[in-house]
Amino acid sequence: MEIGVTSFVETKPDIETGIVMSHAQRLREVVEEIVLADQVGLDVFGIGEHHREDYAASSPAIVLSAAASLTKRIRLTSAVTVLSSADPVRVFQDFAMLDGISNGRAEIIAGRGSFVESFPLFGYGLHDYDELFNENIELLMKIRESEKVTWKGGHRPAIHNLGVYPRPVQNSLPIWIGSGGTQSSAVRAGLLGLPLMLAIIGGNPMNFAPLVELYKKAAARAGHDVSQLQVGSHSIGFVAEDTERAADIFFPSTQYGMNKLGKERGWSYYDRSSYDAARSFEGALYVGDPETVAQKIIHLRKHVGITRFMMYVPLSTMQHELVLRAIELLGTEVAPRVREEIAKWEAEKE
């Protein structure tokens, strides 16, 4: 069972002062967060790609490379790379370089992206949203498989027996499919035999169990070894020494972030009752003391089949020291508890 952190490197206004930190400051802070996550024994850190004023990381590979030489064992991944509006050749090259700098710790989580700013920015039409992703994931996997590539698609110039360099340290650079929870994306990941990362950020996480089963059935049908495939969860959360303290600290910035996004997407107003329902044992918020958070993650593993849990923290802007403390507790108290319990459970099954 892998435990890690996801950050979108947000720069929304501070809820108390209204001050918006610079992109540069937030980028430096997230490098510190990655270094700490490595020091406290977490398995993976993911950086999301965005092209908006309130997110500082347009290129996850650059942020992760800044942390690569400062860390020793933690895996470094995008979360996600917006592959529909990216050049698969450049994506592979960037993460192959990250793999070299980190000595084999790079990964890619490829997705369509829940924001669409990158499409007009790079000259792509939203009417090609799905087709672009399908073509680009095909090319990305082809580059991974072979140093010399011959390929032709409908949106990118053809490649005729050209080499793509540098090559990564890992024999096969890990590529995951990131999904918001649609059946089509789960089936696609299964048919391709790629690990699946689910954004479980609302509702009851147990509702994702049928989707995981659908993914595994598709993988088996395509002839892949299902036992070797990983399923991850990207879930919002926060850890503090006391559950009520954690809830009170995390609520204001979470409410701000949810309502800012909600205005864009037509969601209902997010209040304290919505928040408290979401942090209940059946909800999708992993907020509380280490034992509370650990038990929710264990439940997710046992009943949904998640093998990698990534806590998305912070949502909106929070004090850097609070984020660092949450990462420390996740690594030193939550992760060991989860691993211990899951190891016992797996042994009992055998």
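Trainee: Why are α2 and α3 called roughly parallel to each other?

Mentor: In this predicted model, local features need pLDDT of at least 70 and side-chain atom pairs count only at pLDDT 80 or more, while totals for chains, interfaces and linings use all residues. Residues are numbered from 1 along each chain as its sequence is written, and side-chain values use heavy atoms, leaving out hydrogens and water. Helix α2 (residues 60–68) and helix α3 (residues 88–102) have axes that cross at roughly 10 degrees and come within 9 Å. Angles under 35 degrees count as roughly parallel, over 145 as roughly antiparallel, 65 to 115 as roughly perpendicular and the rest as oblique; α2 and α3 are therefore roughly parallel.

Trainee: Which residues of α2 and α3 meet?

Mentor: With contact meaning heavy atoms within 4.5 Å, Ala61, Leu64, Ser65 and Ala68 of α2 meet Asp94, Phe95, Leu98, Ile101 and Ser102 of α3. By class, this contact of α2 with α3 comprises six nonpolar, two polar and one charged residues.

Trainee: Which residues of α1 and α2 meet?

Mentor: Leu27, Val30, Val31 and Ile34 of α1 meet Val63, Leu64, Ala66 and Ala67 of α2. The residues of this contact of α1 with α2 divide into eight nonpolar, no polar and no charged.

Definitions and conventions: Axes are lines fitted to C-alpha atoms, for helices over the stretch in contact, and angles run from 0 to 180 degrees between N-to-C directions. Helices (H or I, at least four residues) and strands (E, at least two) are DSSP runs, numbered from the N terminus. Ala, Val, Leu, Ile, Met, Phe, Trp, Tyr, Cys and Pro count as nonpolar, Asp, Glu, Lys and Arg as charged, and the others, Gly among them, as polar.
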